[in-house]
Each structure stands twice: as structure tokens, then as C-alpha cells.
Amino acid sequence: MKRRSLTGFTLIELLVVIAIIAILAAILFPVFAQAREKARQSSCLSNEKQLGIAMLMYAQDYDQVYTMGLQDGWWDCTWYRVVSPYVKTDGVFRCPSDPDLEVDPGRAWAGPRFTYVTNGLMMWRDNAWRVVGMAGMGQPSWMGSVTTAEADVKRPAETIMIAERQHRWTSEKNDYGNVLTWGPGAMVTGVDWWDTSGAPSLIPDGSRAVKPAGDPTGPNGGILPAHQDQANFCFADGHVKSMQPKATNPNGTTQPQNNMWDAYRD
């Protein structure tokens, strides 16, 4: 009788194959994660581009004046409401990499949570508090100026109009739940008067000391570096760009000419 030979893999061969697969997985998984994040970053850039176009369309319809970030009242009177007719869907206000977009069911009255904020930088200038960003508040008695016209922006390609909010903050939900969509939460003002209500509003400043991730008093301010340590920005001329937040204002004291949040700088 002819003897039949048996073929197969030895245990060592199987272990070698498994080891090779594990090494390939360890190499490829981070690549896949980076590719996925790049896709989210591109989607976020597209969102900001659409919002920037909406802002510019609004300005064309209203005598070349940009929308205010916040009207007289704090409820449902933000720039989100003003530009909504130009974008048609709430989805464009949300970045897919935003880590905290859930709505607190007990505070649904404050509306959905959105990612993006407009530049409402306030500064003490010419003996009054004035909006020197792109969008301010509607006629508060203590504010010297509240709107910005296209002609006021000296460097539109270097002036921020829309950015991403920092949501990773421990106090953010304590008081008003979805406050990021109404009142001062709809913009960054450069002042921290309303931070306790859950709307961190400091602009970035590269000269600040590094703080734990999510602390809005650090170099990134209230801006969310959600895309591999970068954030997306839409500028006053409508173009969008990904940058490190602190690069938008390297040093607010010694380099005011490089503060991309100040629309009135020469």
C-alpha cells in the first residue's frame, strides 16, 4: 500500500504569520486613523467655507456690513440664526471631529450644540470698549462700536471670521447646558467675563504658558485644535486654512500686528 504524505503548517510557521500580521496592523492602523482624521478635517474645512460664503452673502445683502455675532437679546438671536437662510441645514455648523456635540436633554431649550464661532473680539480702544473683530453685540449701551463693514477690514486675507470652539472644558455644562449656541457662546470675544457660563472666549495667544489640554487660559484660548493639533479657520475674504491656534496670535503684547483676530489693524 502506498503511503500518503500529509502537508500543513507547522506551529512555528503559524506564529511567524501571526507576528507579521500584527506588525503590519501596528503600522497601518495609525495610518488609517490619520487618513480618517484628514477626511474629517476636509469636511470641517468645507463646512467653514460654506459658512464663510454665507457670511459674505449676508454682507452683500446688508450694505457690506458683516453680521453681528449677537443681537440685543441672548436668546435665539445669534449669527447662527442670521446666516441659516443662506446654508439651509444645521449640519454645516458641526465639525465631525468635535468631541462634544450631544444635547443635554434637560436643557434642550438652549438649542443644538454647534462647533463654530465667529470672531467677536472686543478691546478697549479710543476710550471705549469696541468690537475689533468681525461680529459684535447689538447696540449694548456700554459698547462703543458693534458692527464691522467690509471697508473696515484692512487685511481680509489675514483676518479670522469663523473658528472652532473649544468644548473640552470642565465647567462648560455646569450652568446653561447648550450655551455654546446662544449669547456670548456664539462667538469668541477675547474676554473671559462669561466663561463661567460655559462659553470660553479667550482668543489664542502664543505667549501664554502651556496649560493642561482643554484649559482655555492656555495658548490655544477657546479654540479647539481638533485636527492633529490644528484648527480650521475661515478668513474675511472667504478662504479657509488649517493652522495651530496660537499661530493666529503669536504674542498679543509684543506683536499686535500679527493678531489675526483684530480686523482693524493696519
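Me: Let's start with Arg265: what makes it count as buried or exposed?

Reply: Its relative accessibility. Buried means under 20% relative accessible area, exposed means over 50%, and partly exposed is in between, using a 1.4 Å probe and protein chains only. Arg265 has 6% relative accessibility, so Arg265 counts as buried. Before we go on, this is a predicted model: local features need pLDDT of at least 70, side-chain atom pairs count only at pLDDT 80 or more, and totals for chains, interfaces and linings use all residues. Residues are numbered from 1 along each chain as its sequence is written, and side-chain values use heavy atoms, with hydrogens and water left out.

Me: What is pLDDT, and how does the protein score?

Reply: It's the predictor's confidence in each residue, from 0 to 100. The protein averages 81, and 75% of the residues score at least 70. Confidence is lowest in strand E4 (residues 143-145), with a mean of 66, and highest in strand E7 (residues 231-235), at 96. Over residues 170-177, pLDDT stays under 50.

Me: How do you know what to call a helix or a strand, and how many are there in the protein?

Reply: They're DSSP runs, numbered from the N terminus: helices are H or I with at least four residues, strands are E with at least two. By that rule the protein has two helices and eight strands. Along the sequence the pattern reads α-α-β-β-β-β-β-β-β-β.

Me: Why do the side chains of Arg265 and Glu158 count as a salt bridge?

Reply: A salt bridge needs a side-chain nitrogen of Lys or Arg within 4 Å of a carboxyl oxygen of Asp or Glu. For Arg265 and Glu158 the N to O distance is 4.0 Å, and the pair is listed as a salt bridge. Arg265 lies in the segment after E8 and Glu158 in the loop between E4 and strand E5 (160-164), so the pair ties together parts that are 107 residues apart in sequence.

Me: What makes Arg155, Glu158 and Arg265 a network?

Reply: They're linked by salt bridges. Arg155 also meets Glu158, at 2.8 Å from N to O. Arg155 has a relative accessible area of 21%, so it is partly exposed. Glu158 has 35%, so Glu158 is partly exposed too.

Me: How many salt bridges are there in the end?

Reply: Three, by this rule. One of them joins Arg125 and Asp262, with the closest N and O atoms 3.0 Å apart. Arg125 sits in strand E2 (residues 122-125) and Asp262 in the segment after strand E8 (240-243), so this pair ties together parts 137 residues apart in sequence. Arg125 is partly exposed because its relative accessible area is 26%, while Asp262 is buried because its value is 6%.

Me: Now the rings. Why is the pair of Trp79 and Tyr80 called tilted?

Reply: Rings of Phe, Tyr and Trp (its six-membered ring) pair if their centres lie within 6.5 Å; planes under 30 degrees apart count as stacked, over 60 as edge-to-face and the rest as tilted. Eight aromatic pairs come out of this rule. For Trp79 and Tyr80 the centres are 4.7 Å apart and the planes are at 35°, so the pair is tilted. Trp79 is buried because its relative accessibility is 0%, and Tyr80 is buried because its value is 3%.

Me: What kind of pair do Tyr80 and Phe93 form?

Reply: An edge-to-face one, with 5.4 Å centre to centre and 85° between the planes. Tyr80 lies in helix H2 (residues 79-87) and Phe93 in the loop between H2 and strand E1 (116-119), so the pair ties together parts 13 residues apart in sequence. Phe93 has a relative accessible area of 1%, so Phe93 is buried. Ring pairs link Trp79, Tyr80, Phe93 and Phe114 into a cluster.

Me: And Pro96: what makes it partly exposed?

Reply: Its relative accessibility is 40%, so Pro96 counts as partly exposed. Pro96 is found in the loop between H2 and E1. Contact means heavy atoms within 4.5 Å. Leaving aside neighbours within four places in sequence, Pro96 is in contact with Arg40, Ser43, Cys44 and Asn47.

Me: How do you know whether Ile12 is buried or exposed?

Reply: Ile12 has 63% relative accessibility, so Ile12 counts as exposed. Ile12 is found in helix H1 (residues 11-61).
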